[in-house]
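Please find below a colleague's note on the structure under review. The points are numbered so that each may be checked separately.

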Amino acid sequence: MKYITVIGAGTMGNGIAHVFAQFGFEVNLVDVQDEILQKALQTIHKNAERQVKKQILTEQQVPELMSRIHVFTQLPEALQRADLVVEAATEKQSLKEDIFRQMDQYAPAAAILASNTSSISITRLAAVTNRPRQVIGMHFMNPVPVMPLVEVIQGFHTDPSVTDTIVQLSRQLGKTPCVVNDYPGFVSNRILMPMLNEAIYTLQQGVAGVEEIDTIMKLGMGHPMGPLQLADFIGLDVCLSILQVLHEGLGDQRYAPCPLLVKMVHAGCLGVKTGEGFYRYAAEGKEKTVNPVFQVRRTF
């Protein structure tokens, strides 16, 4: 396996492209707008420079890494030689299904088709292709160059040899693969999202403030980041989308999104990416203060 195509140049897509290029793969990175692709290249270069400071890469390796990433706005051209295609588009099922149809149409017959989805059924994505045995989930964690886990999701028809290939490939990237089966939210988000949702309920009901909730979970439970800050980091719209998938797929009221979360998404307060969520952010999300909305009122 040598040629990788990554579809979607957002936060996850550029991180996935970065890691594959770092470990010697030729990467085609695809998005609909060249502006998004150029921003992705800048982000990858900046993150590679950080790796130099941490002595993960040498200065000489940065231009080598960048030279392995090729950008495209047309999907058919980017898929011509792909051994593996990783879809990392927005977490919307209809969009992903449309992309998988195109992946199936234009990628070589032997190519493995993977999705970075954090909640959408791999089996349903596979069903729109003519190669369901070659479809699998590769759920990377954000930030991809840093986080060691790849959640490998087997669809109903995924061939065991494909799973073995993706497990071995994940290890080549310096990651730890964990194989799970295809149920709503898989393992990571099935467990994580109810916790984030409950933290938002706790805030909504006035039990404690934003910083108090996060501090209790960090110092009391050993979490590196509080649940409300983590929700901001993931994106409140993404959290809402995943909870809706869980609620629909499992039919359990525990996964019903908190009304405050729904309200914030409708208000456009999506977390770090919009500069405002439970916190307000400056300097690329590194500096934060509690959103004044939650400082003034105690119940919502």
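This is a predicted model: local features need pLDDT of at least 70, side-chain atom pairs count only at pLDDT 80 or more; totals for chains, interfaces and linings use all residues.

1. Domain division. The domain assignment of the protein gives two stretches: domain 1 covers 3–181 and domain 2 covers 190–294. Their C-alpha centres are separated by 27 Å.

2. Domain interface. Contact between the two domains involves 7 residues of domain 1 and 6 residues of domain 2. The size of an interface is often expressed as the accessible area that is lost when its parts come together. Here the area buried between domain 1 and domain 2 is about 550 Å², and carbon and sulfur atoms contribute 48% of that area.

3. Packing of α8 on α11. Helix α8 spans residues 188–204 and helix α11 spans residues 236–250; the two pack at an angle of about 115 degrees, and their axes are 10 Å apart. Helices α8 and α11 are therefore roughly perpendicular to each other. Their crossing is left-handed.

4. Residues joining α8 and α11. From α8, the contact draws on Asn-189, Arg-190, Met-193, Leu-196 and Asn-197, which meet Cys-239, Ile-242, Leu-243, Leu-246 and Leu-250 of α11. By class, the residues of this contact comprise 7 nonpolar, 2 polar and 1 charged.

5. Packing of α10 on α11. Helix α10, residues 227–234, also packs with α11: the two axes come within 5 Å and cross at roughly 95 degrees. Helices α10 and α11 are therefore roughly perpendicular to each other. On the α10 side the contact is made by Ala-231, Asp-232 and Ile-234, and on the α11 side by Leu-236, Val-238 and Cys-239. The contact of α10 with α11 has 5 nonpolar residues, no polar residues and 1 charged residue.

6. Backbone geometry. Most residues other than glycine have a negative phi, and most peptide bonds are trans. The peptide bond from Asn-142 to Pro-143 is cis, its omega being near 0 degrees. Pro-143 belongs to the loop that lies between β6 (135–140) and β7 (149–154).

7. A positive phi. Which residue other than glycine has a phi near 65 degrees? The residue is Gln-55, for which this value is positive. Gln-55 sits in the loop between α2 (34–53) and α3 (61–67).

How values were computed: Residues are numbered from 1 along each chain as its sequence is written. Side-chain values use heavy atoms; hydrogens and water are left out. Axes are lines fitted to C-alpha atoms, for helices over the stretch in contact, and angles run from 0 to 180 degrees between N-to-C directions. Helices (H or I, at least four residues) and strands (E, at least two) are DSSP runs, numbered from the N terminus. Angles under 35 degrees count as roughly parallel, over 145 as roughly antiparallel, 65 to 115 as roughly perpendicular and the rest as oblique. A crossing is left-handed if the near helix is turned anticlockwise from the far one by less than a right angle, and right-handed if clockwise. Contact means heavy atoms within 4.5 Å. Ala, Val, Leu, Ile, Met, Phe, Trp, Tyr, Cys and Pro count as nonpolar, Asp, Glu, Lys and Arg as charged, and the others, Gly among them, as polar. Domain bounds come from an automatic or database domain assignment. Buried area is the accessible area (1.4 Å probe) that two parts lose on being put together, summed over both.
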